[in-house]
Amino acid sequence: MDLLIPITENKDFRRIYAKGKSYVSPVVITYVTKNRSKNVRVGITTSKKIGNAVKRNRSRRVIREAFRTLVPEIAPGHDFIFVARGKTPFVKSTEVRRAMLLQLKNAGVLK
């Protein structure tokens, strides 16, 4: 597996939102775009619409765990942004993983 790098810069988030392809499910939205390196970069966002800080942090933890299990299957050289939805804090990471796997298959980024 290549390096897994977090996306922290606002300009990177804006670039991926603008140029990336989006895939929507009831529990998570995924934005995918290619990058010029051999790394997998990931960013996770949760808005205040999700709920209080406890629910937002749970949403981030669930998304991070679901993605962690899928990283070995992902081809390097892509940027991902995962956006939590209203259902995210109330579901288990296995359900998020199922939705994420379907989205990543549709995006064509799996090995």
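A salt bridge here is a side-chain nitrogen of Lys or Arg within 4 Å of a carboxyl oxygen of Asp or Glu. The model is predicted. By this rule, five salt bridges are counted.

One of them joins the side chains of arginine 15 and aspartate 79, with an N to O distance of 2.8 Å. This pair links distant parts of the chain, since arginine 15 belongs to helix 1 and aspartate 79 to strand 5, 64 residues apart. Arginine 15 has a relative accessible area of 30%, so it is partly exposed. Aspartate 79 has 0%, and therefore counts as buried.

Another salt bridge holds arginine 41 and aspartate 12, whose closest N and O atoms are 3.5 Å apart. Here too distant parts of the chain are linked: arginine 41 sits in strand 4 (residues 40–45) and aspartate 12 in helix 1 (residues 10–19), 29 residues apart. Both arginine 41 and aspartate 12 are buried.

Arginine 97 is partly exposed because its relative accessible area is 27%. Glutamate 73, at 33%, also counts as partly exposed.

Arg58, Arg61, Arg64 and Lys92 make up a positive surface patch. Of these, arginine 58 lies in helix 2 (residues 53–70). Its relative accessible area is 31%, so arginine 58 is partly exposed.

Where is threonine 88 placed? It falls in the loop between strand 5 (78–84) and helix 3 (93–107). Threonine 88 is buried because its relative accessible area is 0%. Apart from neighbours within four places in sequence, threonine 88 is in contact with Val27, Ser59 and Ile63.

Leucine 4 is part of strand 1 (residues 4–6). With a relative accessible area of 38%, leucine 4 is partly exposed. Not counting residues up to four places away in sequence, leucine 4 touches Val40, Val42, Phe67 and Val71. Leucine 4 and asparagine 39 are 35 residues apart in sequence, yet their C-alpha atoms are 6.2 Å apart in space.

How values were computed. Residues are numbered from 1 along each chain as its sequence is written. This is a predicted model: local features need pLDDT of at least 70, side-chain atom pairs count only at pLDDT 80 or more; totals for chains, interfaces and linings use all residues. Side-chain values use heavy atoms; hydrogens and water are left out. Patches are made of residues with over 30% relative accessible area and no salt bridge: like charges are joined within 9 Å, nonpolar side chains (Val, Leu, Ile, Met, Phe, Trp, Tyr) within 5 Å. Accessible areas come from the Shrake-Rupley method with a 1.4 Å probe; for residues, only the protein chains shown count as cover. Lys and Arg count as positive and Asp and Glu as negative; His and the chain ends are not counted. The place of a charge is taken as NZ of Lys, CZ of Arg, CG of Asp or CD of Glu. Helices (H or I, at least four residues) and strands (E, at least two) are DSSP runs, numbered from the N terminus. Buried means under 20% relative accessible area, exposed over 50%, partly exposed in between (1.4 Å probe, protein chains only). Contact means heavy atoms within 4.5 Å.
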